[in-house]
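User: I am new to this structure and would like to learn how to read it. Please take me through a few features.

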Amino acid sequence: MQLMQAADASRLAGLTAHQLREWCARRGIVAPDVPGAGRGRHALFSWQTVLTLRLLRELNERFGAEVGAWKGALAEFRALIGARSFPGLWGTMVAFPDHDHARLIEDRSIATEALLLLPLTPHLQIIAEDFALPPEPQLPLFPAVGLRR
């Protein structure tokens, strides 16, 4: 797993250094993957945690959500994507039925209740560009071969 320091995580998440400290260290809304331990040992963040922070920022900026209220839903989201591959999340959305729960869905038509839906692809594209991760959901299995007659 590739981890990054707080400066890179805040840049990718679109947060100021103060917001990152506030949301991760002081309030504990989104925990870093490796917590900092005093001077010289900085907190480290994975792409999953950066994605979670990007969603929290979008909830706060676009919908005016109080960040502390979403701790439960974001923890559930982080657990859901923990076992998923980066390319496996392309085209999916996170559905928040309330501020305590989260679900990953791939088809909007299955929604039978009121949900807050956030597409993951725009966030994944930004992370992929910085991490040099594969942006395609399916990697080529075989190299292209030229045919001659």
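User: Leaving aside its neighbours within four places in sequence, which residues is Ser-10 in contact with?

Analyst: First, the basis: this is a predicted model, where local features need pLDDT of at least 70, side-chain atom pairs count only at pLDDT 80 or more, and totals for chains, interfaces and linings use all residues. Residues are numbered from 1 along each chain as its sequence is written, and side-chain values use heavy atoms, with hydrogens and water left out. Contact means heavy atoms within 4.5 Å. With those neighbours set aside, Ser-10 touches Leu-15, Thr-16 and Leu-20.

User: Is Ser-10 buried or exposed?

Analyst: Buried means under 20% relative accessible area, exposed over 50%, and partly exposed in between (1.4 Å probe, protein chains only). Ser-10 counts as buried because its relative accessibility is 9%. This residue is found in helix H1 (residues 6-13); helices (H or I, at least four residues) and strands (E, at least two) are DSSP runs, numbered from the N terminus.

User: How many helices and strands does the protein have?

Analyst: There are 5 helices and 5 strands. Along the sequence they follow the pattern β-α-α-β-α-α-β-β-β-α.

User: How are two packed helices described?

Analyst: By the angle between their axes and the distance between the axes. Axes are lines fitted to C-alpha atoms, for helices over the stretch in contact, with angles from 0 to 180 degrees between N-to-C directions. Here the axes of H3 (residues 47-63) and H4 (residues 71-82) come within 10 Å and cross at roughly 145 degrees.

User: Which residues in H3 and H4 meet?

Analyst: Gln-48, Thr-49, Leu-51, Thr-52, Leu-55 and Leu-56 in H3 meet Leu-74, Phe-77, Arg-78, Ile-81 and Gly-82 in H4.
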